[in-house]
Amino acid sequence: MQHDKILILDFGSQVTQLIARRVREAQVYCEIHPNDVSEDFIRAFNPRGIILSGSHASTYEDHQLRAPQQVWDLGVPVLGICYGMQTMAVQLGGSVEWSDHREFGYAEVRAHGHTKLLDGVEDFRTAEGHGMLKVWMSHGDKVTTLPPGFKLMASTPSCPIAGMADEARGYYAVQFHPEVTHTLQGHAMLDRFVRGICGCKGDWIMGDYIEEAVARIREQVGDEEVILGLSGGVDSSVAAALIHRAIGDQLTCVFVDHGLLRLNEGRMVMEMFAGRLHAKVVHVEAAEQFMGHLQGVTDPEQKRKIIGREFVEVFKAEAAKLKAADASAKGAKWLAQGTIYPDVVESGGTQTKKATIKSHHNVGGLPEQLGLKLLEPLRELFKDEVRELGVALGLPHDMVYRHPFPGPGLGVRILGEVKAEFAALLQRADHIFIEELRKTVDEATGKTWYDLTSQAFTVFLPVKSVGVMGDGRTYDYVVALRAVQTSDFMTADWAELPYSLLKRVSSRIINEVRGINRVTYDVSSKPPATIEWE
Ligand code: XMP
């Protein structure tokens, strides 16, 4: 790949991915790798600049958490953020003081002198004429002595060295976090670093990327056949459209309808891919098979495992059929997946293993079982880039900007035992909720409530409650509406939907979906709740 590249070394901060997203927003290609990558790797990566991330660690506690010597020997600019600043200070001859007093949250930082990083970058000026920045801090330890060659770049009353620079070598460091949106000029600073200081061109543009990705897929695959599990979700849809653009009929999509999809989803996927794109799509109606295996199962983890396992079984059977039907007996050699960059980073890049809260459904292990090579054309992209690419490939905006939908589908939105009857009720109730969210525009922002929420859906509760309709008593099921706002799905707030909208949704569900007589709204944040109910 010919792009200018930035290397981000990850010391284990929760927000390292945000650094990469901000750099990509500046249209510069970057990758995140663990802080202890080999020196050969760094040399081969050939970065135009390096960014050292923050960490949960202290320079005192963990002495392996250092930047490799190669970082300093390579002669390219380096930006240290938070822990990255501290390790820069320690490794280059300054000092860091341990503190049990954490500074956390909003801070106003004074910018000193005119370093190239902060020149002209400020939020306001004090009466004395000092340029000030509104930033987000999260640290305990701090740098107390500048390394030789460095000058002071920023300070706060409680953190006298909040930024430092050695401009001759192109080394810059800040104690605050420019990657989070709470740091108002963070975007400008990272843009300045990667373009202004490292000299990257800004050539990472999704519209242009199609050609590059298409060429790469053609080169990888040659004249061999590819199969792909199409789920109707954003990632697999964009992967399918991209691969189809590259190799046309060498791609066969397998769309497994497990009966736990959203209303009309099967039809929509077929219309789009088979109808409009003229891709080869095998539509597998497997609802009965899935329901059969789910019968009597109430445990959420058990349900997830069954759905994941059955998905693999159905997919394997279809792959075998395709192979048998292929006259040339070549069969597929490749399995394509819509793996995106955050999946890659989460499965290998981070150092601290997180506790398993829910086992996420994916098709891991499938390529080995099928004896197929893996094709993952979205591996380098963040979700927002995947969406941009989808639009550039001609997929409809509504499909590409859809809320995420979990692999196990409605299986984790029907609490307890999954039954076809419950799925049918839930599909219709959920459809009404989504339709109203898409229709209702918030006057303050001019956006629809669908766009103002990150994820919204309906949950089926297998309990009955008493109601009254006309002159009669009803004894029917209950649903809960869930709508959240989040930037990373790790934490989320419940959305403050307008009462008038909730009222309309509730009245429509109760009137239009016979079998449901009560609608509730979920007002729990994550944590301590999760977004899905199971
Ligand atoms: P939770 O419920 O853990 O969900 O707060 C966070 C995000 O992950 C989605 N999710 C899944 N996605 N397979 C998926 O592909 C799964 O098994 C799965 N479980 C949860 C959930 O919809 C939310 O966006």
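User: Which residues of helix 13 are buried?
Analyst: Glu385, Val386, Arg387, Leu389 and Gly390. Buried means under 20% relative accessible area, exposed over 50%, and partly exposed in between, with a 1.4 Å probe and protein chains only. Helices (H or I, at least four residues) and strands (E, at least two) are DSSP runs, numbered from the N terminus.

User: What kind of model, and what ground rules?
Analyst: This is a predicted model, where local features need pLDDT of at least 70 and side-chain atom pairs count only at pLDDT 80 or more, while totals for chains, interfaces and linings use all residues. Residues are numbered from 1 along each chain as its sequence is written, and side-chain values use heavy atoms, with hydrogens and water left out.

User: OK. What covers those buried residues of helix 13?
Analyst: The cover includes helix 1 (16-25), helix 6, helix 7 (234-247) and helix 14 (397-400).

User: Take helix 6. At what angle does it pack on helix 13?
Analyst: About 80°, with the axes 9 Å apart. Helix 6 spans residues 206-221 and helix 13 spans residues 383-392. So helix 6 is roughly perpendicular to helix 13. Angles under 35 degrees count as roughly parallel, over 145 as roughly antiparallel, 65 to 115 as roughly perpendicular and the rest as oblique. Axes are lines fitted to C-alpha atoms, for helices over the stretch in contact, and angles run from 0 to 180 degrees between N-to-C directions.

User: Which residues meet there?
Analyst: Met206, Gly207, Tyr209 and Ile210 from helix 6 meet Glu385, Glu388, Leu389 and Ala392 from helix 13. Contact means heavy atoms within 4.5 Å.

User: What comes just after helix 13?
Analyst: Gly394, with a positive phi of about 95°.

User: Switching to Gln175. Where is it?
Analyst: Gln175 sits in the loop between strand 12 (171-174) and helix 5 (186-197).

User: Buried or exposed?
Analyst: Gln175 counts as buried because its relative accessibility is 0%. Beyond four places in sequence, Gln175 touches residues including Cys82, Met85, His139 and Asp141. Its side chain also makes a polar contact of 3.3 Å with that of Gln86. A polar contact is a pair of N or O atoms within 3.5 Å; within protein, one must be able to donate a hydrogen and the other to accept it, and residues adjacent in sequence count only if both atoms are side-chain atoms.

User: And Ser454, where's that?
Analyst: Ser454 is in the loop between helix 16 (449-452) and strand 18 (455-469). Ser454 is buried, at 17% relative accessible area.

User: Which backbone atom lies 2.8 Å from a polar atom of its side chain?
Analyst: The backbone nitrogen of Thr486.
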